[in-house]
Amino acid sequence: MARKKKGDVVDGWVCLDKPFEMGSTEAVSRIRRLFNAQKAGHAGTLDPLASGVLPIALGEATKTVPMMMEAKKVYRFTINWGVSTDSVDREGEIIGRSDVRPSLDQVKAALPAFVGEIDQTPPRFSAIKVDGARAYDLARDGVDFELPSRRVVIHSAEATAAPDADHVEIRILTGKGVYVRSLARDLALALGAEGHVSALRRERVGPFSTENAVTLDSLEEMVHRGAASEGLLPVATALDDIPDLAVTEQDAFSLRQGRPIVLLPRQVETLKTRLSDGSRTVSAFQGQTLVALCQLRAGRLEPDRVFNL
């Protein structure tokens, strides 16, 4: 006999406004305990020194996490000029000092070089694995190693303010895999300065933003008064950019059984006009209920992930 899973069946997303100094894993554990959920995961790690949007998936929503890993993200961060650290944030060891203080205009002039498809080398203090070990562990142990550069996309970058000569605030829209600390490091180098990230906030991950985010305190208050569902967003929230198709009860049954369904020519043509960037992914709904994530192939919908909602 299969063992019964611990916890309750809870399906949906929590758009958490992660507090400063809390790790992503701890945040997931806190949310899972608050909802007493059987299963939980997050879409995109957020460093303890950063605050902001951390989408946390519960139950069936965990099946949509891969979609969120591809989502665009918005970050707002502050560079503190004058001092460089080995971790490129304020907790690292100081490795360089300079009297150079780039002006807001100089930063604005330099930023376009970092917009578009660029090569970026991750910071040594990162979770990337090197021969089975985390880079940050090797860096702390003083091990000499090199991280290869990666091709990443920064869609836009804007210097929004310079509160004083020592600081500049920047807002960026990025694709996956971009390291804010690497951008700060490379920007400082391009300007002949020393600098590190002194503040970082993630404002958006795909459809999840600070506008629909909830704090831990507010979630705890909801749970205390028996209204935890108020802090839960639908599983389909993560599929905001994916074309949807209404299916019949019979077709929904077939998809849930892992069998493809045949579409009418007009349905195929409509979906093709809504698909972009070579994607074939379509979400199938029966009424308001998400049935499956499918691939459109040769006039058929083939189920990839089936949802038990």
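Helices here are DSSP runs of H or I with at least four residues, strands are runs of E with at least two, and both are numbered from the N terminus. As background, an α-helix has 3.6 residues a turn, so residues three or four places apart point the same way.

Before going on, a word on the model. This is a predicted structure, in which local features need pLDDT of at least 70 and side-chain atom pairs count only at pLDDT 80 or more, while totals for chains, interfaces and linings use all residues. Residues are numbered from 1 along each chain as its sequence is written, and side-chain values use heavy atoms, with hydrogens and water left out.

Thr 237 counts as buried because its relative accessibility is 17%. Leaving aside residues up to four places away in sequence, Thr 237 touches Pro 207 and Phe 208, where contact means heavy atoms within 4.5 Å.

Phe 208 turns up again in the aromatic pairs. A search of the whole structure finds 1 of them: Trp 13 and Phe 208, tilted, at 5.0 Å centre to centre with 45 degrees between the planes. The pair links distant parts of the chain, with Trp 13 in strand 1 and Phe 208 in strand 13 (residues 208–209), 195 residues apart. To pair, rings of Phe, Tyr and Trp (its six-membered ring) need centres within 6.5 Å; planes under 30 degrees apart count as stacked, over 60 as edge-to-face and the rest as tilted. Trp 13 counts as buried, at 0% relative accessibility, and Phe 208 counts as buried at 0% too.

Rings also meet charges here. The charged end of Arg 124 sits over the ring of Phe 145, 4.1 Å from its centre, and that of Lys 63 sits over the ring of Phe 307, 5.8 Å from its centre. The test asks for NZ of Lys or CZ of Arg within 6 Å of the ring centre and within 35 degrees of the ring normal.

Now look at Ser 98, in the loop between strand 6 (94–97) and helix 3 (104–110). Ser 98 counts as buried because its relative accessibility is 16%. Not counting residues up to four places away in sequence, Ser 98 touches Gly 82, Gly 192 and Glu 194.

Finally, zoom out. The protein comes to 8 helices and 18 strands, and buried residues make up 46% of its 309 residues. Its C-alpha trace spans about 70 × 45 × 40 Å along the principal axes. Among contacts between residues at least 6 apart in sequence, 70% join residues at least 24 apart.

Terms used
Buried means under 20% relative accessible area, exposed over 50%, partly exposed in between (1.4 Å probe, protein chains only).
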